[in-house]
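Please read it alongside the sequence and the coordinates.

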Amino acid sequence: MCYGNESFYLSVCYRMSYDLETAERAAYAPFFGYMGAASAQIFTVLGAAYGTAKSAVGICSMGVMRPELIMKSVIPVIMAGIIGIYGLVVAMVLKGKVTSASQGYDLNKGFAHLAAGLTCGLCGLGAGYAIGIVGDAGVRGTAQQPRLFVGMILILIFSEVLGLYGMIVALILGTS
């Protein structure tokens, strides 16, 4: 028998049962799902903003020397903006899947949705950085040597597809 605090630490006063199903239906499970949705949007928008800003600096520099090429050089900015749309799509899909814990939303779903959001968001962040760097150097180089334009577009496509891969994996994770 347990009589005081000393005994509590020395012996087991009561039996504890651990129900795994109940533990997985934690009330805070939806928090992870919403963090996934937020991560998808936040990180992709950071990548898109960086890509837009970095490319725009290159366009402004190039526009001083060759103003007739400004409209042709806007392609990196458009591609950077598309990265943000990937995050928006994933965030809306994840938001639609998150329910309350009492409706069966468990930690497994919460962690899967967090992983989906982080996958899309961080892939979008990396793609945005790549688009910004390539766009900046590419439009400046195209102003001096127009034959670089096709190469710049190909590199931009391969940079953009990194964000697309993240969105595809996120949709698979978020809907399974």
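Val89 is found in helix α4, which spans residues 75-97; helices (H or I, at least four residues) and strands (E, at least two) are taken as DSSP runs and are numbered from the N terminus. This is a predicted model, in which local features need pLDDT of at least 70 and side-chain atom pairs count only at pLDDT 80 or more, whereas totals for chains, interfaces and linings use all residues. Residues are numbered from 1 along each chain as its sequence is written, and side-chain values use heavy atoms, with hydrogens and water left out.

With a relative accessibility of 34%, Val89 counts as partly exposed, where buried means under 20% relative accessible area, exposed means over 50%, and partly exposed lies in between (1.4 Å probe, protein chains only). Accessible areas come from the Shrake-Rupley method with a 1.4 Å probe, and for residues only the protein chains shown count as cover. The C-alpha atom of Val89 is separated by 8.9 Å from that of Ala40, although the two residues are 49 apart along the chain.

The protein chain as a whole contains six helices and zero strands, and its pattern along the sequence reads α-α-α-α-α-α. Of its 176 residues, 39% are buried. The chain exposes about 10200 Å², of which carbon and sulfur atoms supply 70%. A contact means heavy atoms within 4.5 Å, and among contacts between residues at least 6 apart in sequence, 82% join residues at least 24 apart.

How are two packed helices described? The description uses the angle between their axes and the distance between the axes. For α4 and α5 the angle is about 175 degrees and the axes are 9 Å apart, the axes being lines fitted to C-alpha atoms, for helices over the stretch in contact, with angles that run from 0 to 180 degrees between N-to-C directions. The two helices α4 and α5 are therefore roughly antiparallel to each other, given that angles under 35 degrees count as roughly parallel, over 145 as roughly antiparallel, 65 to 115 as roughly perpendicular and the rest as oblique. Residues of α4 that take part in this packing include Pro76, Met79, Ile83, Tyr86, Val90, Leu94 and Lys97, and those of α5 include His113, Ala116, Cys120, Ala127, Ile131 and Val139.

His113 lies in helix α5, which covers residues 107-144, and is buried, with a relative accessible area of 5%. Leaving aside residues up to four places away in sequence, His113 touches Phe32, Gly33, Gly36, Leu94, Lys97, Val98, Tyr105 and Gly174. Val134 also has its place in helix α5, and counts as buried at 19% relative accessibility.

| Asp136 | Lys54 | 3.4 Å |

In the pair of Asp136 and Lys54, Asp136 lies in helix α5 and Lys54 in helix α3 (residues 29-65), so the bridge ties together parts that are 82 residues apart in sequence. Asp136 counts as buried at 10% relative accessibility, while Lys54 is partly exposed at 29%. Asp136 and Arg140 both lie in helix α5, four residues apart, about one turn of the helix, and Arg140 is partly exposed, with a relative accessible area of 32%. Salt bridges that share partners join Lys54, Asp136 and Arg140 into one network.

Conventions. Salt bridge = Lys/Arg side-chain N within 4 Å of Asp/Glu carboxyl O.
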